[in-house]
Amino acid sequence: MKHEKRYRSTTRLGKHLMRFRVLPWLELLLVLGFFAALGWAVWKYVVPFYKNLGNGAYSCQKAEATPPPTPEPTPEPTHDPYPDHALYRADLKSMQTEIVIPEFQYTADVGISDGKMIAVVGDYTQDGTAAFVRMLLYDIKTNTHTYLPLPIEYRSIRFPAMNDRWIVYFDAAANGGGRMAAYNRATGAVRALKTVHTGLPKPVISGDTAFWIERTGATRDKLFAVDLNTGESATLAIYDASPYALSRPFAFENTLLYVSPEGELISLDLSTGKSEAVPVGADYVHDPQRNADGIAFLDSDHAKDGHILWYDGEKTVEVVTGAVDFSLGSGFIAYSRFDKNYVYFYADGTTFCTTRSDETAMLLAAGEDAIVWMDVTWRDKDIMEIMTVGD
């Protein structure tokens, strides 16, 4: 069988081949165009969106085209750690005055009363011990002094306590004991209040009454109250082998402050005779002192690791650790620590060192608005100094 030959047109085949050659390029151009369009859309819309999102344009807060400048903070008053005390930036050297007592070698039992420093003065005797034979009155404002030759039956005047009518002092024998005596400042008369057989009791005065704790037996002490006009006495407390007998009583205006034989701090109203325990919140109270603002006391028997505490009628705060004694002034508590003197203003808790950097000192007394100390920088001579520290 003969087959017929079929022939394809070369023109149609060429067109078909051309179509297969162009198609990949068209597809490539379409893909490139798509990605170009996508990139343009990202740059145009997506990038600005995220920029605005980072700037807070789409946050819950309303965006502002130009944020206002941040205002300067308004200064707020701050607590001044050094309130305007008399000691703030003070020239200590100009505020401190040396007390010169040329007539006698030694001074003891310093206190402050009615604008005057009071003390006893004396010299060495032939047996090598000191006898204090005069009471010193030093006027703090005028820097002048006078002496009171209080009558002595034994050896030394010790622990004088003074108010506007009386001076009560202990007339001490050389080995302890002696007599308690009262000097009437108006008349000059002296009354022997009581014979003391042992020890050196320290008296305090309130009005016309003197108080002191005295050893009366092998293990017994008594707190006495004696009327200075009549000499009549009363026993306020009896201490049987009690460590609280070592705590000194303290008189302020019409109040006597003392520690009971059981260890309670007692406030006795001398006008009414009513007494009450003072809740100072301490386990141990020793040598309390009082003024119009509160009560200062020790929580140990002058231990090196003990504390001075301040009770203002509501709360008790610690003043310092490691000070073995103190004196209470008007608005401040004075104490010595590491051969330096300090004053603590309890109203705001500010403490100042009142000893110059090149000196060492030992506090002797404080009261009213003054402190007195011994400058012990040079051991070959006792130098007393005084300064006013109140506001």
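Ala 251 stands opposite Leu 256 in strand E15, in a model that is predicted. Strand E14 and strand E15 (residues 255-259) run antiparallel and are joined by 3 bridges. Strands (E, at least two residues) and helices (H or I, at least four residues) are DSSP runs, numbered from the N terminus, and two strands count as paired if DSSP finds at least two bridges between them.

Residues are numbered from 1 along each chain as its sequence is written, and side-chain values use heavy atoms, with hydrogens and water left out. Local features need pLDDT of at least 70 and side-chain atom pairs count only at pLDDT 80 or more, while totals for chains, interfaces and linings use all residues.

**Two open sheets**

- Strands E14-E15-E16-E17, in that order, form an open sheet of 4 strands with antiparallel pairing.
- Strand E14 (250-252) and strand E17 (275-277) are the edges of this sheet, each with a single partner strand, so one side of each has no neighbour in the sheet.
- From one strand to the next, the twist averages 20 degrees, where axes are lines fitted to C-alpha atoms (for helices over the stretch in contact) and angles run from 0 to 180 degrees between N-to-C directions.
- Another open sheet of 4 strands has the order E18-E19-E20-E21, with antiparallel pairing.
- Its edges are strand E18 (286-290) and strand E21 (316-321), each with a single partner strand, so one side of each is left without a neighbour in the sheet.
- Here the twist averages 20 degrees from one strand to the next.
- E20 and E21 pair in the antiparallel sense over 5 bridges, with His 307 opposite Thr 321 in E21.

**Strand E28 and its partners**

- Of the 6 residues in strand E28 (residues 383-388), 5 are buried; buried means under 20% relative accessible area, exposed means over 50%, and partly exposed lies in between (1.4 Å probe, protein chains only).
- Strand E1 (residues 97-99) pairs with E28 in the antiparallel sense over 3 bridges, and Ile 99 stands opposite Met 384 in E28.
- Strand E27 (residues 370-375) and E28 run antiparallel and are joined by 6 bridges, with Asp 375 opposite Ile 383 in E28.

**Nonpolar core and surface patch**

- The largest nonpolar core has 25 residues, and those with the most contacts inside it are Tyr 239, Leu 256, Tyr 258 and Leu 265.
- Such a core is a set of buried Ala, Val, Leu, Ile, Met, Phe, Trp, Tyr and Cys residues joined through side-chain atoms within 4.5 Å.
- E15 gives the most to this core, with 4 residues.
- On the surface, Phe 34, Phe 35 and Leu 38 form a nonpolar patch with about 330 Å² of accessible area together.
- Patches are made of residues with over 30% relative accessible area and no salt bridge, joining like charges within 9 Å and nonpolar side chains (Val, Leu, Ile, Met, Phe, Trp, Tyr) within 5 Å.
- Accessible areas come from the Shrake-Rupley method with a 1.4 Å probe, and for residues only the protein chains shown count as cover.
- Phe 35 is found in helix H1 (residues 10-54) and counts as exposed because its relative accessibility is 51%.

**Salt bridges**

- The whole structure holds 11 salt bridges, each a side-chain nitrogen of Lys or Arg within 4 Å of a carboxyl oxygen of Asp or Glu.
- Asp 208 and Arg 165 meet in a salt bridge through their side chains (3.0 Å, N to O).
- Asp 208 lies in the loop between strand E10 (204-206) and E11, and Arg 165 in the loop between strand E6 (156-162) and E7, so this pair ties together parts that are 43 residues apart in sequence.
- The side chains of Glu 214 and Lys 194 also meet in a salt bridge (2.9 Å, N to O).
- Glu 214 is buried, at 3% relative accessibility, whereas Lys 194 is partly exposed, at 25%.
- Glu 153, Asp 171 and Arg 179 are linked in a network of salt bridges.
- Asp 171 is found in strand E7 (residues 166-172) and is buried, with a relative accessible area of 0%.

**Loop residues with positive phi**

- His 302, in the loop between E19 and E20, has a phi near 60 degrees, a positive value in a residue other than glycine.
- Glu 368, in the loop between strand E26 (361-367) and E27, has a positive phi near 55 degrees.
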